Amino acid sequence: MEKIKSLADLKKKREDLQSNLKLRELGDNVDNLIQVKVAMATCGIASGAKQVMEVIINECNKRNLPVVVTQTGCMGYCYAEPTVEVKKPGQEAVVFGYITPAKAEELVNKYLAGNELLDGIIPVNYEKIDNK
Amino acid sequence: MANYKYHILICGGTGCHASQSAQIKINFEQLIVEKNLVDDVQIVETGCFGFCEKGPIVKMLPDNTFYTQVKPEDCKEIIEEHIIKGRKVERLLYLDPKSQEHKADSKHMGFYKKQLRIALRNCGFINPENIDEYIARDGYKALATVLEQNDPQATIDIIKKSGLRGRGGGGFPTGLKWEICSKNNADQKYMICNADEGDPGAFMDRSILEGDPHTIIEAMAIGGFCIGATKGLIYIRAEYPLAIHRLRVALDQAREYGLLGKNLFGTDFDFEIELRYGAGAFVCGEETALIHSMEGLRGEPTFKPPFPAQEGYLKKPSNVNNVETFANIPVIINKGWEWFSSIGTEKSKGTKVFALAGQINNVGLIEVPMGITLREVIYEIGGGIKGGKKFKAVQTGGPSGGCLTEKFLDTPIDYDNLIAAGSMMGSGGMIVMDETSCMVSVAKFYLEFTVEESCGKCSPCRIGNKRLHEILERITQGKGTMEDLDSLRNLAQVIKDTALCGLGQTSPNPVLSTIDNFWDEYVAHVVDHKCPAGQCKALKKYIIDPEKCIGCTACARVCPTNAITGTVKMPHEINQELCIKCGSCYEKCKFNAISIK
């Protein structure tokens, strides 16, 4: 085991380790963060939702964006899979369809990092019971 | 390296362990293998979340879902629903008793809303058996900073200015304690951690050691550097096996990283920590008795001065601090004394951890800023009194403290206010009592404890407490007199003035405080031979109402002493001489014919 010999050593070590706990730190503040839900039912997975989720997580980590990425069940838009729902704090959730890994990268760059919408938005055509 | 998408945190405190959290962890581990999720889900056993009432706790991240009272058989549903399908398992969420709504996120629960976690910052967040997680949370940074600065007095000044006071009960300023010890020259000094938590119902120190052992190691090294000690000793009771295990693991890991041992952080400062086990004697929490016990002598206190800072362990200058006090040190160094001293009241800074117990809905471990009121603690964090009963008193400070009644509900909690109210902060036990508690019996309970735990060295404590206990016993038997009440007061005062150590000097406090606050209840026992709360067996009387009794004989058949007589279909009668007040007849009667007088 390598010994820690100085404050600089410790800082370096901490930086290497910090990403392991990032997920938990984010969870501590979940209300004020962007929440991304990747639909991961059979239809979603078959059309590549797993890779899409991977891309979103990695891209967000690269840019150090405070985003909580979770998976969810089938949203019912099987024709438009993979689908991704993005909820920014204080805003209505937006659902994007036909998200390929390349499009996922674009989503992170344009909508998550900035505020620019992409095509493929699925209009809200349902009501949630918690809004009733 | 696996890129985890979910972390499942499982409470690994003693409380949740007792309700099968270890099995929950095993089940989760098997399930993620079965479902091929090993690279997606990380299973972590953490320290105490504090919400022991609803344990075992399982927390899902990053969405921060808080599952309560999870059973090993629930794991499958959590994995299949929450992880795979992304749906919360509603039935395991916390149900808010007021709104009857499920709360998914602990942030929205009354229990956590008013809390501020400094000493418990890592409890329920990191894996206590993994030093890497502690380092990722700024662990050992304070020690590195202090050593790099290489100015012990500057660090002592930071602690002094922060206003941190001893969390073990006395409330002595920590920085000042370090300064005194640092000025005494000797070839060897000792930094001692008092983990001999003895108050009945208190488990703050245990939970910190179980949930975040590295913070204690780091703080002891900082303290050692400040006072000039190269050796640290942790005195911990052998009844805390899990805390001892986690400390041992933590010590080994710290040594491996070179964070304990020779030349820490490349400086010439050496620091090593050893464990010493106590046998669970209450008096060993007193610093001189603790030191004698560590030396292999009888755990008896000695007169101060000399203070441990002058002549402590092996007659060398020593500094003794409580676990919770240490847990605050690294944060103060990292965040600055200004930040710390901005929390709390004028003379009591920072937070205090309390073990909330008794007749309260949310039993558990809480950390609140100094200056919060009892009302907030009991009704908002604690969720109110069990069964909707009426609040009567709260006991703080354990066997050395006293009872606070309704009139103190809005008093800000700090060291000085509690003393002014006739109690004390103590180590943080907080036992809530409702209207069915008999205050004479409460005083008797604590006296029983001190009589048992008195080391016997000085007569005021050895004999005086025994006499106090006898008088209280007489009163609860209905055999007390008004003179007894006077002698209670006088004797209590004498013991306070003459006992050798803190145990004896404070042992009459529960008696004095209940006499002051519940004088009428004492008088009722003595004059009317009645226990208003209906707790004192000897003063209870079960009576059959001949109007209501139909002579079903159910009570006579259940009575273990054959004290109930009567003919079938005729009203029965209880022979008070034979009655042992077991209450069986009272529970058996279907016609409400039996009443307690």
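Visitor: Which residues of helix 9 of chain B meet helix 13 of chain B?
Guide: Met204(B), Asp205(B), Ile208(B) and Leu209(B) meet Val323(B), Glu324(B) and Ala327(B) in helix 13. Two residues are in contact if their C-beta atoms, placed from the backbone, lie within 7 Å. Helices (H or I, at least four residues) and strands (E, at least two) are DSSP runs, numbered from the N terminus.

Visitor: How many of those contact residues are nonpolar, polar or charged?
Guide: The contact has five nonpolar, no polar and two charged residues. Here Ala, Val, Leu, Ile, Met, Phe, Trp, Tyr, Cys and Pro count as nonpolar, Asp, Glu, Lys and Arg as charged, and the others, Gly among them, as polar.

Visitor: At what angle do the two axes cross?
Guide: At roughly 45°, and the axes come within 9 Å. Axes are lines fitted to C-alpha atoms, for helices over the stretch in contact, and angles run from 0 to 180 degrees between N-to-C directions. Helix 9 of chain B is therefore oblique to helix 13 of chain B. Under 35 degrees counts as roughly parallel, over 145 as roughly antiparallel, 65 to 115 as roughly perpendicular and the rest as oblique.

Visitor: Is this from an experiment or a prediction?
Guide: This is a predicted model: local features need pLDDT of at least 70, side-chain atom pairs count only at pLDDT 80 or more, and totals for chains, interfaces and linings use all residues. Residues are numbered from 1 along each chain as its sequence is written, while chains are lettered from A and ligands numbered from 1 in the order in which they are written.

Visitor: New topic. What is the strand order in the open sheet of chain B?
Guide: The five strands run 12-11-15-13-14, with mixed pairing. Two strands pair if DSSP finds at least two bridges between them.

Visitor: How many bridges join strand 11 to strand 12 of chain B?
Guide: Six, and these strands run antiparallel. Val353(B) stands opposite Glu367(B) of strand 12.

Visitor: Which strands does helix 15 of chain B touch?
Guide: Helix 15 (residues 374–381) packs on the sheet and touches strands 12, 13, 14 and 15 of chain B.

Visitor: And how many residues does each chain give to the contact between A and B?
Guide: Chain A gives 29 residues and chain B gives 30. On the side of chain A, helix 1 gives the most, with 12 residues.
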